[in-house]
Amino acid sequence: MTREDVLKDFKGKFAGDILEFTDKSPQRVYVEIKPGSIKKAALFLFKDLGARFNIATGLDARRHLEILYHFTLEDINLLLSLRVKLPKPFKTSSPAATGGGPMDSPPTTGGNDGFVPEIDSLAPLFEAANWVEREIHELLGINFRGHPDMRKLLLSDDWPEGVYPLRRDYKEWDPKAIRDRGV
Amino acid sequence: MSVKLTALLKSPWVFHLSTGSCNNCDIEILDCLTPRFDIERFGMLLAGSIRHADVLLVTGSANRKSMERVKRLYEQVPKPCLVVAIGECALSRGMFINSYNCPVPVDKIIPVDVYIPGCPPRPEAIIAGIVKLIGKVKAQAQ
Amino acid sequence: MNLFYLVVYGFFLTAALGLFASWVDRKVTARVQYRVGPPLLQPLIDLVKLLGKENLVPAGASRAIFFAAPVAGLASVILVSTFLWLNNFDPSRTFGGDLIVVLYLLAIPSISIMMGGFASGNPYASLGASREMKAILSYELPFILAVLVPVIKASHSLRLGEIVQAQMQRGAVAASPSGLLALAVAILCVQAKLGLVPFDMAEAESEIVSGPLVEYSGPALALYRLTKNMLLFVLPFFLIILFLGGVQRGSGPVFFGVLKLIGLVAVLTVIRNTNPRVRIDQAVRFFWGPVTAGAILAVALALFGK
């Protein structure tokens with residue numbers, strides 16, 4: 001299958017779910033889809049197109065949390081990334097707006113107000129997604145429905161629950177840490 | 001200088017302890033053990049087990065998971081023992097000074113005798129640091 | 001008189017010569033690897049340093065055996081070296097069957113490493129000790145068969161003194177084909193007994209973190225290292241007495257004796273530097289296969305008078 005066939009196939013099958021299609025370069029394609037249809041899309045890519053699930057990356061944008069699932073088709077040199085945006089709840093006042101600084105409020109929890117979005121887990125489909133989703137869960141705080149084994153992967157055992165370090169509003173919670181340059 | 005201290009300085013067995021480094025400093029330490037720099041002429045051997053060690057070469061920024069293990073390992077070393085911190089990450093957490101996972105530098109966990117800066121330090125710098133360590137121990141014993 | 005031999009010859013002289021042999025081994029290794037080696041007194045300084053370190057005992061270890069094992073190994077090596085020196089200088093002081101006593105006593109240092117490993121309460125130590133056990137089972141058989149050749153050549157006598165006297169009369173055992181083959185077999189068995197590469201899987205450094213000795217520190221480790229260094233002298237000395245005619249009194253023969261010792265240690269070092277480490281099953285197959293066959297061939301040749 002050539003690159004054009006693959007993309008036409010994908011666009012045809014998921015016309016209703018694709019929100020944005022970015023053909024960045026001959027080797028890179030970004031597709032933004034609705035969060036609810038990630039499982040169907042992943043299964044289609046794996047079974048019908050023969051793509052391989054590579055890795056998933058996550059980031060905290062200003063108004064949403066984003067996960068990118070990277071699938072590769074090695075024969076045609078294509079890396080297809082499925083982007084999923086999980087919107088944050090709308091806040092009327094943010095700490096930055098009220099003039100907060102690094103040491104303005106005493107460090108309690110990580111500063112996020114318990115907002116944990118949910119998405120379907122790909123772990124039942126791909127064994128490779130197991131650890132990837134554990135890492136995204138503990139570092140970004142995204143809940144994966146249907147994951148068989150949601151434990152901590154990289155953080156130490158005395159890390160408090162509900163504190164997600166890679167979020168933008170993370171603050172240092174440990175009073176014994178040496179943070180004379182701010183976090 | 002006592003016999004014990006002279007023997008310790010003439011036959012220091014090194015143990016290499018990485019507390020979560022990127023392995024660059026570890027590669028430079030292994031470079032020191034190759035025939036080009038040949039530290040066996042100073043009596044230094046690479047100790048296999050931590051209970052045979054006299055000098056601990058600590059690399060890497062101690063992150064939360066390895067902090068308690070470093071403490072436990074330091075208790076397992078038979079004293080007298082000297083600790084050498086190699087590389088920027090072991091000195092002051094290096095580029096990870098603002099990281100969520102590295103709360104304290106290594107010398108707040110175990111007492112360090114000599115600091116060798118560099119990212120990574122060259123083998124010549126490591127050997128110069130060890131020479132300064134021996135000089136410092138001799139001076140303190142006077 | 002016996003106490004003098006025990007303390008001076010058995011312990012001090014053997015320790016000095018053992019540390020010297022260990023230095024020869026390290027220096028030759030360093031030269032082969034194109035670097036400068038340690039200074040002459042380095043093994044002694046290692047020993048003194050270890051005596052000054054703290055003695056730590058792990059919580060799960062059985063203290064009695066943990067400390068008794070290195071002492072047992074050292075004691076047996078001192079006894080063996082006393083017997084060897086006695087018979088070397090005064091062959092009339094031999095007693096019936098002292099060759100068998102020496103062979104039994106030479107098995108004890110390996111067993112003491114095993115005991116220490118099992119008493120440590122550490123999985124690495126147990127792994128190393130079990131490997132040492134399998135290694136003992138493999139190399140003892142060809143060693144004993146190889147030792148039979150000088151016995152046959154000395155008119156079927158089990159006395160060390162008579163073996164030495166027979167060599168003084170008829171020439172060294174190694175000058176005959178069976179003796180040479182037996183000496184080769186014995187050198188391989190000594191390599192395994194000393195725990196040198198290629199047969200150091202019991203104490204494989206980068207694989208199982210120094211094996212049975214992983215929990216030892218301070219004076220106990222010093223005793224183990226002293227035992228190993230003394231064995232590095234005692235076993236080649238044993239081979240010299242059995243195969244190469246021993247070391248007689250007088251400056252000429254003593255000089256040749258020292259040359260024989262350095263030559264044997266150099267052979268062990270060269271084998272050590274040119275070979276990789278073998279697995280335990282490869283070692284067992286090697287010792288029960290070609291090496292035992294060679295030893296049986298040597299015994300057969302000796303029985304036929306060759």
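Modeller: Here is a quick tour, starting with how the chains meet. Keep in mind that this is a predicted model.

Colleague: Fine. Which two chains share the most contacts?

Modeller: Chains B and C do, out of two pairs of chains in contact. On that interface, 17 residues of chain B are in contact with 25 residues of chain C.

Colleague: What kinds of residues does chain B put on the side that touches chain C?

Modeller: Seven charged, five polar and five nonpolar.

Colleague: And how many residues of chain B are in contact with chain A?

Modeller: Seven, and they meet nine residues of chain A. By class, that side of chain B has four nonpolar, two charged and one polar.

Colleague: How far apart are the closest C-alpha atoms of chain A and chain C?

Modeller: They lie 25 Å apart. No contact joins those two chains.

Colleague: Let's switch to chain C. How many helices and strands does it have?

Modeller: Chain C has 11 helices and zero strands. Read from the N terminus, its elements are α-α-α-α-α-α-α-α-α-α-α.

Colleague: Why call chain C as compact as a globular protein of its length?

Modeller: Because its radius of gyration is 19 Å, close to the 19 Å that the globule rule gives for 306 residues. Its C-alpha atoms fill a box of roughly 55 × 45 × 45 Å along the principal axes.

Colleague: What percentage of chain C is buried?

Modeller: Buried residues make up 52% of the 306.

Colleague: And what share of its contacts with a separation of 6 or more joins residues 24 or more positions apart?

Modeller: That share is 82% in chain C.

Colleague: Now the cores. Which residues touch the most other members of the largest nonpolar core?

Modeller: C:Ala146, C:Ala182, C:Val185, C:Val234 and C:Leu239, in a core of 95 residues.

Colleague: Which helix gives that core its largest share?

Modeller: Helix 9 of chain C, residues 219-243, with 19 residues.

Colleague: What is C:Val234 in contact with, leaving aside neighbours within four places in sequence?

Modeller: C:Val234 is in contact with C:Thr14, C:Val77, C:Val80, C:Ser81 and C:Leu84.

Note on methods. Residues are numbered from 1 along each chain as its sequence is written. Chains are lettered from A and ligands numbered from 1 in the order in which they are written. This is a predicted model: local features need pLDDT of at least 70, side-chain atom pairs count only at pLDDT 80 or more; totals for chains, interfaces and linings use all residues. Helices (H or I, at least four residues) and strands (E, at least two) are DSSP runs, numbered from the N terminus. The radius of gyration is taken over C-alpha atoms; the globule rule is 2.2 Å times the number of residues to the power 0.38. A residue is buried if 20 or more other C-beta atoms lie within 10 Å of its own, exposed if 12 or fewer, and partly exposed in between; C-beta atoms are placed from the backbone. Ala, Val, Leu, Ile, Met, Phe, Trp, Tyr, Cys and Pro count as nonpolar, Asp, Glu, Lys and Arg as charged, and the others, Gly among them, as polar. A nonpolar core is a set of buried Ala, Val, Leu, Ile, Met, Phe, Trp, Tyr and Cys residues joined through C-beta atoms within 7 Å.
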